[in-house]
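Have the viewer open and follow along.

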Amino acid sequence: MPCGVASRFLILYGSQRGQAQSIAEELCEQAAEHGFIADISCLSKGEKYNLDRERGPVVFVVSTTGDGEPPDTALKFVKKIKNKSLPCDHYSHLHYALLALGDTNYANFCNCGKTIDSRLQELGAKHFYATGHADDGTGLEIVVDPWIEGLWEALKKTFARMSASNQEGTTRGEVTKKSIQQEAQIQEKLGSSAISLSLLKLTDVETQTAKAETSVLESKSTEIQGAPLEASLIRSVPPLSESSLNVPALPPSYLDVCLEDSPAEEESAHHVVKEGFYEVAVSGAAHLTRDDAVKRAILLELDISDQDMPYQPGDAFDVLCPNRASEVEELLRRLGLKDQRSQSVRLQLRKDTKKKGAQVPSYIPQKCSLEYLLTWCLEIRSTPKKAFVRALVDWTQDSREKRRLQELCSREGSADYNRFVRDTNLCLLDLLQAFKSCSPPLSLVIEHLPKLQPRAYSAASSSLRHPGKVHFVFSVVDFPACAEHPERTGLCTGWLMHHVSAILQPYGKTASAEKSADCPALPKINVRPRVSNTFHLPSDPSAPIVMVGPGTGVAPFIGFLQQRYQEREEKQYGVFGETWLFFGCRHKDRDFIFREELERFVENGTLNHLKVSFSREEPDGNEPRYVQHQLLLHAKDMVHVLFKEHGYFYVCGDAKNMAKDVNDALIEMIAKELQLDKLESMKMLAKLREEKRYLQDIWS
């Protein structure tokens, strides 16, 4: 490392669910191995860093949330750098690299990272390493791993340039033929990743190499009774089974966990209040779909009359659900802690930890019981990251199982990790069931499992129509059994269905419940409002609106229409814009949810146009199967509403397929009706987004 310039750099992260923070912490841990000193801070902790005076390199790791919005921890920073009064050379001293996390299932891919990147450039900052755009839709590690690999050489060269600059006249190192070849290799690795490394000359990073263990070689034969062996979660096949492995460094442990016999404190009420949740009664529940529907949709009515929870149609509510009791029980058994379930847990930092910026998780109440911790604090269903798999290696006794875990967390085993861990939604318990000799300590589990996150559901009602109540709808998520895990339902949707089973009304009945001998107390759940800043009805009621919401995506639009109906009743001589709803489902008679209410809205004039598609009905002529096909049939009307009448276009539902298809249909309609090429059409659509007239509430 050149003398004269301290090899110190700064890592700043903006994270919503912990992924960006985890990657930033991984960078910080790896820095020392490469001869650097790394300081790390969340972007929200403005008192811990000062970019106006920062002279060392800065590495940003930022995620994107919602409809291209910055994570909560980056909002203040983004607002600060967007200040138009800042001069164009404000950050001319700054040298930075940026890793943006996003999901191509959403329209505004990596939007927060792109926003920060472009604004820093406008303010004079300079890249010392090309920006990376990692896609959670295909696997973050596909971009993250090679990006990190190349970062260290880029930092070395940056410090070398800084040192040379300080020594007045020291010539810069020549670009060698070897470095060009190495850059080409990195480019090849990133060929599908939307990263341009044209600014970089990357060299291989030293990695740990793990040789295949002798016991694994016994399985070198790839045939049993003439049939070739297939790879599985617990078994690899050549060439991977015979390869040397680049295994990541062991993440440093940082927690000491003590289980004490003293009784655990009453934690539940404090924990819920601290997180901003309210305990409310479920005053009604009903099936919205027939028993033979492919997906089960359920409507819940919550009584919020005793709580201060105002909301508008378009807002959502977070629901806090526990982990399954049976899964907590099995995890306790597998960790050898079944008899200690009631003991209180005390956490403290290890004095000898090498993890920089380590903190005791703030979301775990002090002195809560072990059972409570695993039930309400940790996401035990989360898919283990490669770092977690790497940590499990050292707690696995069987040599074959140890080798397989090494493969799954290695660079060479990325395809197997994606196929058998990531794509199958594997969880820790599934891994422990498959790898019988793996017995991790409780501290490792707490260090690597993320916080149990609430699930968000859109309000399907208007408080004008249902004062003191809020409705929401959910489809029960089913995960069929596979080789890697048993059949199960989604964590929250499955729990909700079971939790309200005593008052759950059959299809065709009203979602209302009263206390009775059979149901002496209404079930209760913990919720908190999640206010939307944009996904609301237009402030000008005369503006026309187009709503696209197949399946349970129609939920917020039921609230929109209830609100509009009440407003029309109160202002009978008011001017209200035209309303369109494009709805889709599989079968007309099985899963056309809210059918009667929607038809009433049409009859009373609240909804002017209801266009419904049935994707699994027998075709009758050229009837459209999906909502995007319906939109194309009404292209002229849609373009007129959006560009002549300055209307609003709302989309709610599946991000992976539907939202993309609707977006493509819009581009096609604009191109056809306005006689534009595709690029110009995309620009027109982008302008609608900027004007907050093309709004999405989508999920993957």
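Start with α8, where Glu327, Val328, Glu330, Leu331, Leu332 and Arg334 are the buried residues. Keep in mind that you're looking at a predicted model. The cover over those buried α8 residues includes α9 and α13.

**Around α8 and α9**

- Just past the end of α8, Gly336 takes a positive phi of about 75°.
- Helix α9, which spans residues 370-377, is mostly covered, with 6 of its 8 residues buried.
- On α9, the buried set is made up of Leu370, Tyr372, Leu373, Leu374, Thr375 and Cys377.

**The second largest cavity**

- Look inside and you'll find 2 cavities of 30 Å³ or more in the structure.
- The second largest cavity holds about 30 Å³ of space.
- Which residues line the second largest cavity? They are Glu327, Leu331, Ile380, Cys427, Leu428 and Leu429.
- Two elements give two or more residues each to that lining, namely α8 (325-334) and α13 (428-434).
- By type, the lining of the second largest cavity splits into 5 nonpolar residues, 1 charged and no polar ones.
- Glu327 and Leu331 turn up in two places here: they are among the buried residues of α8, and they also belong to the lining of the second largest cavity.

**The second largest pocket**

- Over to the second largest pocket, which has a volume of about 1,000 Å³.
- It's lined by 33 residues, and the closest to its centre are Ala107, Asn108, Asn111, Ala686 and Arg689.
- Which elements each supply at least two residues of this lining? That would be α3 (111-122), α20 (655-674), α21 (678-690) and β26 (694-699).
- Helix α21 gives the most to the pocket lining, with 7 residues.

**Helix α16 against helix α17**

- Helix α16 (residues 555-570) packs with helix α17 (residues 595-603) at an angle of about 35°, and their axes are 11 Å apart.
- Is the crossing of α16 and α17 left-handed or right-handed? It's left-handed.
- On the α16 side, the contact is made by Ile558, Leu561, Gln562 and Tyr565, while α17 brings in Glu597, Leu598 and Phe601.
- Sorted by type, the contact residues come out as 5 nonpolar, 1 polar and 1 charged.
- As for how those contact residues sit on their helices, an α-helix has 3.6 residues a turn, so residues three or four places apart point the same way.

**Zooming in on Leu598**

- Leu598 is found in helix α17.
- Why does Leu598 count as buried? Its relative accessibility is 0%, and the cut-off for buried is under 20%.
- Setting aside neighbours within four places in sequence, Leu598 is in contact with Ile558, Leu561, Leu581, Phe592, Ile593, Leu607 and Leu610.
- Take Leu561 from that list: Leu598 and Leu561 are 37 residues apart in sequence, and their C-alpha atoms are 8.7 Å apart in space.

- The peptide bond from Pro238 to Pro239 is cis, with omega near 5°.
- You'll find Pro239 in the loop between β9 (227-228) and β10 (245-247).
- His646 has a phi near 55°, a positive value in a residue other than glycine.
- Its place is the loop between α19 (635-643) and β25 (648-654).
- Gln675 also has a positive phi, near 55°, and it isn't a glycine either.
- That residue, Gln675, is found in the loop between α20 and α21.
- Is Gln675 buried or exposed? It's exposed, with a relative accessible area of 68%.

**The whole chain**

- Stepping back, the chain has 21 helices and 26 strands.
- Of its 700 residues, 51% are buried.
- Among contacts in the chain with a separation of 6 or more, 79% are between residues 24 or more positions apart.

Methods:
Residues numbered from 1 in each chain as written. Predicted model: local features only at pLDDT ≥ 70, side-chain atom pairs only at ≥ 80, totals over all residues. Heavy atoms only, no water. Axes fitted to C-alpha atoms, helices over the stretch in contact; angles between N-to-C directions. Helix = DSSP H or I, 4+ residues; strand = E, 2+ residues; numbered from the N terminus. Left-handed = near helix turned anticlockwise from the far one by under 90°. Contact = heavy atoms within 4.5 Å. Nonpolar A, V, L, I, M, F, W, Y, C, P; charged D, E, K, R; others polar. Buried < 20%, exposed > 50% of the residue type's maximum accessible area, 1.4 Å probe, protein only. 1 Å grid on protein atoms, 1.4 Å probe; cavity = no way out; pocket = protein on both sides within 12 Å on 5 of 7 lines; lining within 4 Å. Points joined across faces, edges and corners; volume = space filled by probe spheres on them.
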